[in-house]
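Dear colleague,

Please find below the structure that I am handing over to you. My notes on what was found in it follow directly after.

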Amino acid sequence: MNHIFLYGPPGTGKSTVGRKLAGSLKLPFVDLDRVIETNAGMSIPHIMERQGEPAFRDMETAALKSLTPSPLPTGAPFGDDKGLGVRGAVIALGGGALLRDENRAIAESSGQVLLLMAKLNTLLERLNSDSSKRPLLTGDLGMKLSALLANRGEHYNSFPLLVHVDGRTAEQNAHHAQVMLGRHHLSAMGEYDVVVGHVSNVTNLQNPIIVTDSNVAKFHLEKMQASLNAKSVVIPAGEEHKNLETISFLWKSFLENGLDRKSTVVALGGGVTGDMAGFAASTYMRGINWVGVPTTLLSMVDSSLGGKTGFDLPEGKNLIGAFYPPKLVVADPQFLQTLPEAELISGMAEVVKHGIISDPELFSLCARGLDWVKANLEEIVKRAMAVKIKVIEDDPYEKGFRAALNLGHTVGHAVELVSKFQLRHGEAVAIGMMAEAKYSARVGLATQGLVEAVQDSLKALNLPIAIPQEMPREEIIRAMRVDKKKNAKSIRFALPVEIGKVELVDVSDLELVLD
């Protein structure tokens, strides 16, 4: 199961945050203390008074067992029109519920435990204004709470997933929890879950077929086929094959493998595979389900999210496509262990971009360099993914601020095309971000300090920062004018203003951007 257990000292807001979190993820919410009271037919203070703490702890264990693996409503089977993904419930636990090894084992084997923590002053302020009676804190609240925190300090510190709730609203803490957990439910363009977790979360697929490329197939196809009992089709690797010929090959392969309207396409690979498999699914029999299993950093934090599918024409990237979201995206950071370093570096360009758009802390993490990134890939994936999800949920069809995600891409797509894809996508985006940051400073939107910060971050990740000298500038400008983001008189750029903020600006003189 994939329950989320909120745990921590009294006063951290487990129930309040839990309700907000459950609402965002479209999951049931359960307060374990209320389950215990219902089962016992009396309040927890009465249980403690009449039967003592050991009896209460036994009831706690029994209640926890009753919720796992789970008789709770977990949604319809995958493929149902109601839409589904990785399900479970959000369960708020009492402040000592996992002191028993048995209870902790139950929780950790049936989901994720997220610890909520706060400073003593925050807890005291909240508990003093709380009318609930807490048997273990009766008497001198400050003294009792300090003793409880001291006694349980080592225990609480043993949980790796942690959210400090001080100074934030319940909504902000719930969002932070989602980032830490790597769990999201998107609804602006169809209902589906996005999860950072093990690929075994992909289950219950009807008549699945795996679409992957020749590079990924060597490492992961056999295991995925066995796990899903799925058929497969392998396409050539590389952006140069992201064309109508490959799409046509996929359509024919779907027919030959007997796919019908209830079948599911599993896109196993990077952004090119996801774009084409998703587009083929969107048009086969007027649209069948598909699931994204990204295997590159770039696809985990960017291209697998948002429902954009499509393919290239000789004149430009992604000129043919459709908004057609998957039914589920599962990003398993373990796939990144087999990713060539050059591809990992390429993906980091999108991570830097997301930091510039709205997460200064993520940007500062990128500046620590490649070695730190390699040691903290799961955190990088979770934080960068959360930035894009927030943007695309607010503007699913790119009518407004979603265009901020084009930072670095207007120049980057053109540079990538003119290089005949000898430059990787992320390398081209890094070059584009640098060019657009410099232009932003020249027109007075950004400071030179921002330009230097972007440059230093990209250099720390071994990403390029300049257009190759031999690349004809006029060809780059021509490619930009063909780019899908053009309008009649000018091209809209997402220009960095400061770390954490970009501004959409229409530019007519493209030569100035490349100076």
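Predicted model: local features only at pLDDT ≥ 70, side-chain atom pairs only at ≥ 80, totals over all residues.

Arg57 belongs to helix 4, and its side chain forms a polar contact of 2.8 Å with the side chain of Glu60. Beyond the residues up to four places away in sequence, Arg57 touches Gly96, Ala97, Arg100, Leu136 and Arg152.

**Helix 2**

Helix 4 (53–66) also takes part in the surroundings of helix 2: the buried residues of helix 2 pack against it, as well as against strand 2 (29–31), helix 3 (44–51) and strand 3 (90–92). Which residues of helix 2 (residues 32–40) are buried? They are Leu32, Asp33, Val35, Ile36 and Glu37. The N-terminal end of helix 2 is capped by Asp31, with a side-chain oxygen 3.1 Å from the backbone nitrogen of Asp33. Just after the helix comes Gly41, whose phi is positive at about 75 degrees.

**Helix 6 against helix 7**

Helix 6 (residues 120–128) packs with helix 7 (residues 141–157) at an angle of about 130 degrees, and their axes are 11 Å apart. This angle makes helix 6 oblique to helix 7. The crossing of helix 6 past helix 7 is right-handed. On the side of helix 6, the contact is made by Leu120, Leu123, Leu124, Leu127 and Asn128; on the side of helix 7, Leu141, Gly142, Leu145, Ser146 and Leu149 contribute. By type, the residues of this contact comprise seven nonpolar, three polar and no charged.

**Two further buried residues**

Asn173 is situated in helix 8 (residues 170–181). Its relative accessibility is 2%, so Asn173 counts as buried. When neighbours within four places in sequence are set aside, Asn173 is in contact with Val17, Val163, His164, Val165 and Arg168.

Val415 is located in helix 17. At 0% relative accessibility, Val415 likewise counts as buried. Again leaving aside neighbours within four places in sequence, the contacts of Val415 are Leu423, Ala428, Ile431, Ile467, Met471 and Ile476. Asn376 stands 39 residues from Val415 along the chain, and the C-alpha atoms of the two are separated by 30 Å.

Most residues other than glycine have a negative phi. Against that background, I draw your attention to two residues.

Asn229 is not a glycine, yet its phi is positive at about 50 degrees. Asn229 sits in the loop between helix 9 (214–228) and strand 9 (231–235). Is Asn229 buried or exposed? With a relative accessible area of 70%, Asn229 is exposed.

Lys420, also a residue other than glycine, has a positive phi near 55 degrees. The loop that holds Lys420 runs between helix 17 (409–418) and helix 18 (425–442). Lys420 has 64% relative accessibility and therefore counts as exposed.

With kind regards

Terms used
Residues numbered from 1 in each chain as written. Heavy atoms only, no water. Axes fitted to C-alpha atoms, helices over the stretch in contact; angles between N-to-C directions. Helix = DSSP H or I, 4+ residues; strand = E, 2+ residues; numbered from the N terminus. Parallel < 35°, antiparallel > 145°, perpendicular 65-115°, else oblique. Left-handed = near helix turned anticlockwise from the far one by under 90°. Contact = heavy atoms within 4.5 Å. Nonpolar A, V, L, I, M, F, W, Y, C, P; charged D, E, K, R; others polar. Buried < 20%, exposed > 50% of the residue type's maximum accessible area, 1.4 Å probe, protein only. Polar contact = N/O pair within 3.5 Å; in protein donor to acceptor, adjacent residues only side chain to side chain.
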